[in-house]
Amino acid sequence: MARAADFRSDTVTRPSADMLAAMVAAEVGDDVLDGDPTVARLERRVADLLGKDGAWFVPSGTMANSVAIGSWTRPGDEVICERSAHMVQWESGAAGALHGVQTTTLHAPSGQFDLAEVRRAVRLRSLHCPKTTLICVEQSFMGSGDAPGGRVVSLESLRALHAFARELSIPIHMDGARLFNAAVASGVDVREYAACADSVSVCLSKGLGCPVGSLIAGPREFLERARLLRKRLGGWMRQSGILAAAGLYALEHNVARLADDHILAKELASVLDGSGALDCTPHEVETNIVMARVVDPHSDAQRWMEHFGRHGVQVLPMNERTLRFVTHMDVSTEDVARVLVALEHRPR
Ligand SMILES: Cc1ncc(COP(=O)(O)O)c(C=O)c1O
């Protein structure tokens, strides 16, 4: 049986032979004792790319976001997020469980906040209220499945939000798990997007094809507290230069090729939409995520997922009626052809 066409996530990629060779050749040290030179190079490189004072290497995007929340807030504070943001939906309540902060959520299905709503959500400075001490944005915006996913949040809206937040001295954290996808899709430099936030997290383990790793970047004072939190969360690693080497390789070789993933996502969306069984507005697919809604009211996402599985295609249900397909370097047009075959044998 041929390997399954795995569209569940862009995290499923295996390191290429060249990436593995770079990892094997990495110069390493003990990052917790006296530093790892390859980790230091990766942290410098990412900080420079994002235009920030520095960056810390951490095991996951979830930890990067957690470090950011904990660094900007104190227990009892409140954070403004979009209601389907990864931080709200998929990080096991870390903001409350680990940092004692609550979130207030806004509805912005494209990931782009309405400034008037943000203004209304910022708390009064009163002893009776929690203090609003952070606003979080996600770039690209994965979405909940109720609207197209993988949306690029516009630079203008991010700039406007940043200007507003600055006036109130509220920092912005950008969950940039797929920031490079947004930059490649829009032609806007990652630095421009990053300039609209005080701290930025980026993932190496998604479209960039690394096995593990994320970075959290920001200004000097933030980095001091972020380093302490990374330590407390157990995210400071030892001979992690082996992983950092994969990251340096990916930044060199795997960024521009994200455009191929975006083209494949559009192709896939046309195939899905063209079937009449799944609806996914191909013209709104901007990056590597396709949300496909089940048209037949008597069927659902679970049944479709199982049907695709029988045809060697793996996908994830996002909710009862929506499946998520994600393109990445380990799927191809041949895999899209397998999707087409599955659609031709649609479940009844
Ligand atoms: C938007 C977004 N942020 C953060 C994360 C968390 O990354 P990790 O799985 O490395 O913890 C993900 C993971 O898919 C994500 O999609």
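Predicted model: local features only at pLDDT ≥ 70, side-chain atom pairs only at ≥ 80, totals over all residues.

Colleague: What percentage of the residues of the protein count as buried?

Modeller: The C-alpha atoms fill a box of roughly 60 × 55 × 35 Å along the principal axes. Among contacts with a separation of 6 or more, 72% join residues 24 or more positions apart. Of the 348 residues, the share that counts as buried is 50%.

Colleague: How far apart are the centres of domain 1 and domain 2?

Modeller: The domain assignment gives domain 1 as 5–12 + 257–344 and domain 2 as 17–253. Taken over C-alpha atoms, the separation of their centres is 27 Å.

Colleague: Which element supplies the largest share of the side of domain 1 that touches domain 2?

Modeller: The contact takes 21 residues from domain 1 and 20 residues from domain 2. On the side of domain 1, at least two residues each come from α12 (258–274), β10, β12 and β13. The largest share is four residues, and they come from α12.

Colleague: On which sheet strands does α12 pack?

Modeller: The sheet is open, with four strands in the order β9-β10-β13-β12 and antiparallel pairing. β9 (278–279) and β12 each have a single partner strand, so one side of each is left without a neighbour in the sheet. The direction of α12 makes about 10° with that of β10. The strands touched by α12 are β9, β10 and β13.

Colleague: Which residue in β10 stands opposite Leu278?

Modeller: β9 and β10 pair in the antiparallel sense over two bridges. Opposite Leu278 in this pairing stands Val294.

Colleague: Why do the buried residues of α13 line one face of the helix, and within what arc do they fall?

Modeller: In α13 (residues 301–310), the residues Ala301, Trp304 and Phe308 are buried. An α-helix has 3.6 residues a turn, so residues three or four places apart point the same way. Seen down the axis of α13, the buried residues line one face because they fall within an arc of 60°.

Colleague: Which exposed residues does the face of α13 turned away from its buried side carry?

Modeller: The buried residues of α13 pack against β10 (289–294), β11 (313–314), β12 (316–319), β13 (322–326) and α14 (333–344). The face turned away from that buried side carries the exposed residues Glu306 and Arg310.

Colleague: Which are the edge strands of the open sheet of seven strands?

Modeller: The order in this sheet is β2-β8-β7-β6-β5-β3-β4, and the pairing is mixed. An edge strand here pairs on one side only, and the two are β2 (54–58) and β4 (102–106).

Colleague: At about what angle to β2 does helix α2 run?

Modeller: β7 (residues 199–203) and β8 (residues 214–218) pair in the antiparallel sense over four bridges. Helix α10 (residues 220–232) packs on the sheet, touching β2, β7 and β8, and its direction makes about 10° with that of β2. Helix α2 (residues 37–50) lies across β2, β7 and β8, and its angle to β2 is about 130°.

Definitions and conventions. Residues numbered from 1 in each chain as written. Buried ≥ 20, exposed ≤ 12 C-beta atoms within 10 Å, placed from the backbone. Contact = placed C-beta atoms within 7 Å. Arc of directions from axis to C-beta. Pairing = 2+ DSSP bridges. Axes fitted to C-alpha atoms, helices over the stretch in contact; angles between N-to-C directions. Domains from an automatic or database assignment.
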